[in-house]
Amino acid sequence: METPTANLERERLLKLAEEYRQKGYEVFFHPNPEDLPDFLNHYRPDMIVRRGEENVVIEVKSRSSLNSSSNQYLGNLAQAVEKHPGWRFELVMTNPEDTTYSLKAEASLQEHEIELQLQAARQLTTQHPELALLYSWSLLEATIRLIVQKEKLSLQRFDPRYLVKQLATEGVISKSEYELLMNALPLRNSIAHGFKTTQITQNYVSELIELTEQLLRTLHTDNEAG
């Protein structure tokens with residue numbers, strides 16, 4: 001008998017698979033070692049999706065299923081994937097807390113607070129890009145919530161991946177901006193959960209900060225146009 005956590009993870013995995021299929025990806029659930037490249041033959045990913053030269057190794061976890069052993073496994077898997085061009089690792093958190101997250105949205109940072117803290121994030125980019133990325137992402141989320149409020153968008157939840165996808169669907173961000181955020185998200189997750197990362201540069205974090213500043217400016221676009 002599956003636990004509620006296992007059910008939650010399986011449902012999230014199936015939904016994610018459908019999303020990737022709709023985008024033209026080929027989906028492989030729990031591939032066997034003999035079906036994996038040599039650098040992954042010691043792992044059993046939840047799912048791999050492929051489209052052209054792009055390969056994504058996906059793990060779906062809930063906070064309650066994470067422990068020192070699983071964290072070590074995920075860290076090793078992420079490092080193995082990151083070493084190979086054309087491959088990327090995606091850790092998807094299915095967090096029951098998300099269902100109540102909207103209740104906390106009223107306490108979100110406001111525009112002037114985000115602007116002030118972005119300056120602090122920029123100062124971190126030179127010597128501490130990992131901290132800067134994590135900090136910047138939190139400010140990005142706060143900005144997105146302000147945009148959602150301004151545009152009166154209807155949302156089902158507030159997790160980062162969903163928010164970014166909705167912004168792209170509504171045309172608030174461009175395709176290249178969407179790709180920047182979706183590439184930054186697994187890095188943010190890796191840092192937040194104590195995994196090593198090798199892809200973060202000062203320029204990369206600066207792009208994230210500049211996009212957040214750009215999104216903040218859109219809060220006034222309609223007023224200025226009127």
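The legends below describe close-up views of a predicted model.

**View 1. The open four-stranded sheet.** The 4 strands follow the order β1-β2-β3-β4 in an open sheet, and their pairing is mixed. The edges are formed by β1 (26–29) and β4 (87–93), each of which pairs on one side only. From one strand to the next, the twist averages 20°.

**View 2. The pairing of β2 with β3.** Strand β2 (residues 47–51) runs antiparallel to strand β3 (residues 54–61), and the two pair over 5 bridges. Within this pair, R50 stands opposite N55 of β3.

**View 3. Helix α3 and its two sides.** Helix α3 covers residues 111–124.

**View 4. N71 and F195.** N71 belongs to helix α2 (residues 68–82). Its relative accessible area is 26%, so N71 counts as partly exposed. F195 is 124 residues away from N71 in sequence, yet the C-alpha atoms of the two residues are 8.0 Å apart in space.

**View 5. The salt bridge between K165 and E19.** The model has a count of 10 salt bridges. In one of them, the side chains of K165 and E19 meet with an N to O distance of 2.7 Å. K165 is in helix α5 (residues 160–169) and E19 is in helix α1 (residues 4–22), so this pair ties together parts of the chain that are 146 residues apart in sequence. K165 counts as buried because its relative accessibility is 17%, the cut-off for buried being under 20%.

**View 6. The salt bridge between R88 and E54.** R88 and E54 form a salt bridge in which the closest N and O atoms are 3.4 Å apart. Distant parts of the chain are linked by this pair, with R88 in strand β4 and E54 in strand β3, 34 residues apart. R88 is partly exposed, at 23% relative accessibility. E54 is also partly exposed, with a relative accessible area of 24%. Both residues belong to a network of salt bridges that links R51, E54, R88, E90 and R161.

**View 7. The salt bridge between R188 and E141.** The side chains of R188 and E141 meet in a salt bridge at 3.9 Å, N to O. R188 lies in helix α6 (residues 175–192), while E141 lies in helix α4, so the pair ties together parts that are 47 residues apart in sequence. At 21%, the relative accessible area of R188 makes this residue partly exposed. E141, in contrast, counts as buried, with a relative accessibility of 8%.

Terms used
Residues are numbered from 1 along each chain as its sequence is written. This is a predicted model: local features need pLDDT of at least 70, side-chain atom pairs count only at pLDDT 80 or more; totals for chains, interfaces and linings use all residues. Side-chain values use heavy atoms; hydrogens and water are left out. Two strands pair if DSSP finds at least two bridges between them. Axes are lines fitted to C-alpha atoms, for helices over the stretch in contact, and angles run from 0 to 180 degrees between N-to-C directions. The expected span of a helix is 1.5 Å times one less than its number of residues. Buried means under 20% relative accessible area, exposed over 50%, partly exposed in between (1.4 Å probe, protein chains only). A salt bridge is a side-chain nitrogen of Lys or Arg within 4 Å of a carboxyl oxygen of Asp or Glu.
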